[in-house]
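Student: I am new to this protein and would like a friendly walk through it. Could you take me through it by question and answer?

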Amino acid sequence: MGNAGFSSLLDDDRIEDLQIVYRVFSRIDEVGMNEMKWRLQKRIIEMGREVVTSQDNLKNPIAFIEAVIKLQDKFLGIVKGAFQDDQHFINSHKKGFESFLNECKRSAEFLSLFVDRLMKEGAKGMTETEVDGNLDNAILLFRHLQEKDVFENYYRRHLGRRLMAKKSASSDLEKSFISKLKKECGVQFSSKLEVMITDMDVSDDVMTKFKESSVEADLKFKFSVSVLTTGPWILSSKGDCNLTKEMTAACETFKSFYSHRNSGKTLTWHLSYGDADVSAVFPKGKYEINVTTFAAVVLQAFNDQPEGMTVESLEGVTGVKGKDMVQLVQTFALGKHKLLTKKPPAKEVEPADELSVNTRFSSKLKKFRIALVTAKKESAEEVAQTKKNVEEDRKPQIEAAIVRVMKSRKTLDHNSLIAEVASLMSDRFTAVPSFIKARIESLIEREYLERDSEDRKRYHYCAA
């Protein structure tokens with residue numbers, strides 16, 4: 001059978017015809033069987049590349065993953081129905097998906113965004129079985145990723161955003177997926193994710209005690225804090241802002257309460273992750289609007305200067321600067337809910353642009369949320385930060401693997417050590433020789449290893 005003929009059978013899902021071909025070749029022609037396995041893998045790669053290089057899919061992470069899942073379902077059905085789950089064809093299926101998925105540098109990020117949407121929307125329009133089925137499909141794709149730690153890094157970022165914004169549809173669903181990841185990669189992989197879930201439970205207990213205390217009654221508004229462990233959470237070091245007097249008083253009250261009960265622990269505020277409910281009164285109505293903490297500070301500034309001010313002046317008053325201010329101005333002066341007016345009304349934001357309250361603002365909704373305009377994909381800055389985080393996370397893992405190998409072998413040549421460490425890391429990521437070599441050098445400097453006095457490419461373990 002020619003390549004075009006076999007590909008046509010695969011493309012059209014002609015299970016019965018493929019089954020006949022399989023049965024014939026399995027009995028009489030080993031060469032033919034090998035050719036079928038190769039052609040299956042080749043066709044998966046061809047169709048997969050069409051999916052992961054499609055510009056439409058690259059602009060839409062959800063569509064990207066849904067298309068890959070559809071392709072996965074198609075070929076799993078063929079392997080099961082036509083090739084009777086023959087292990088050789090299962091391996092061809094696996095190699096095909098690993099090939100095209102890992103050629104695309106955004107597969108891990110998009111898979112995490114796909115799960116993120118499921119966790120936010122939960123069972124909306126789907127049964128519990130359908131949701132769980134989608135998560136199982138995500139795990140099947142996760143198995144094909146060579147850089148599993150890249151996925152873990154993105155997933156921690158997205159999980160953190162969901163938890164802090166209270167957007168998780170179900171705590172049980174979150175724990176279920178983390179359990180699936182733990183089953184795939186072990187405790188070390190899932191430990192930080194589990195700590196994040198635990199942090200939120202502990203934080204809820206802290207806030208319950210705070211609200212029951214007498215100090216909470218002194219505050220002029222409802223106030224809530226998420227107290228998180230430093231290590232597991234990926235919190236970008238965004239800019240700061242000048243909180244209002246009332247906000248500052250609330251922070252100081254909570255800080256005093258927490259420090260009294262947790263001596264030795266230091267609180268670091270990440271204001272850019274907070275939100276606030278703002279009561280806004282316009283000529284055409286009164287509204288309750290949920291915005292970010294930075295946005296609340298910016299809007300509050302117009303109470304003191306109702307005549308308006310320039311962007312530069314607003315930066316000075318609020319402490320919100322640069323990209324953060326540009327994002328806020330574009331959201332409130334050019335977005336769906338125009339609470340402010342901007343002169344000139346151009347999309348570009350300049351320091352001299354004039355801002356004032358939009359007295360014509362009105363909305364049918366009396367209570368609503370204004371989300372800042374964000375990209376569906378990670379920004380270039382976030383991608384770079386993720387890459388940096390991944391590299392930092394890999395250093396101790398590779399060093400631990402080197403020490404483990406050398407402690408067992410005592411003496412080993414350079415190439416053998418590189419090969420053994422790469423093999424140990426292969427279930428989580430591809431450890432490149434240059435990166436391993438750099439960690440070897442670091443361990444030598446710290447006297448965990450030493451070079452052989454006669455052969456510079458041979459190492460000895462230094463017992464403690």
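Tutor: Let us start with a term: helices (H or I, at least four residues) and strands (E, at least two) are DSSP runs, numbered from the N terminus. This is a predicted model, in which local features need pLDDT of at least 70 and side-chain atom pairs count only at pLDDT 80 or more, while totals for chains, interfaces and linings use all residues. Residues are numbered from 1 along each chain as its sequence is written, and side-chain values use heavy atoms, with hydrogens and water left out.

Student: How many helices and strands does the protein have?

Tutor: Along its principal axes, the C-alpha trace spans about 85 × 65 × 45 Å. The secondary structure within it comes to 18 helices and 9 strands.

Student: In which strand is the place of K342?

Tutor: Two strands pair if DSSP finds at least two bridges between them. By that rule there is an open sheet of 3 strands, antiparallel in its pairing, with the order β3-β5-β4. Its edge strands, each pairing on one side only, are β3 (309-310) and β4 (340-343). K342 stands opposite L355 in β5, and its own place is in strand β4.

Student: Is K342 buried or exposed?

Tutor: Buried means under 20% relative accessible area, exposed over 50%, and partly exposed in between (1.4 Å probe, protein chains only). K342 has a relative accessible area of 6%, so it counts as buried.

Student: Which side chain does the side chain of K342 join in a polar contact of 3.1 Å?

Tutor: A polar contact is a pair of N or O atoms within 3.5 Å; within protein, one must be able to donate a hydrogen and the other to accept it, and residues adjacent in sequence count only if both atoms are side-chain atoms. A polar atom of the K342 side chain lies 2.7 Å from the backbone oxygen of A346. The side-chain partner at 3.1 Å is D353.

Student: Which element gives the most to the lining of the second largest pocket?

Tutor: On a 1 Å grid over the protein atoms alone, a pocket is an open set of points with protein on both sides within 12 Å along at least five of seven lines, and lining residues have an atom within 4 Å of a point. This pocket is lined by 25 residues, with K105, E147, V150, K387 and R394 nearest its centre. Elements giving two or more residues to the lining are α6 (87-103), α7 (107-121), α9 (148-164) and α16 (380-409). With 7 residues, the one that gives the most is α16.

Notes. 1 Å grid on protein atoms, 1.4 Å probe; cavity = no way out; pocket = protein on both sides within 12 Å on 5 of 7 lines; lining within 4 Å.
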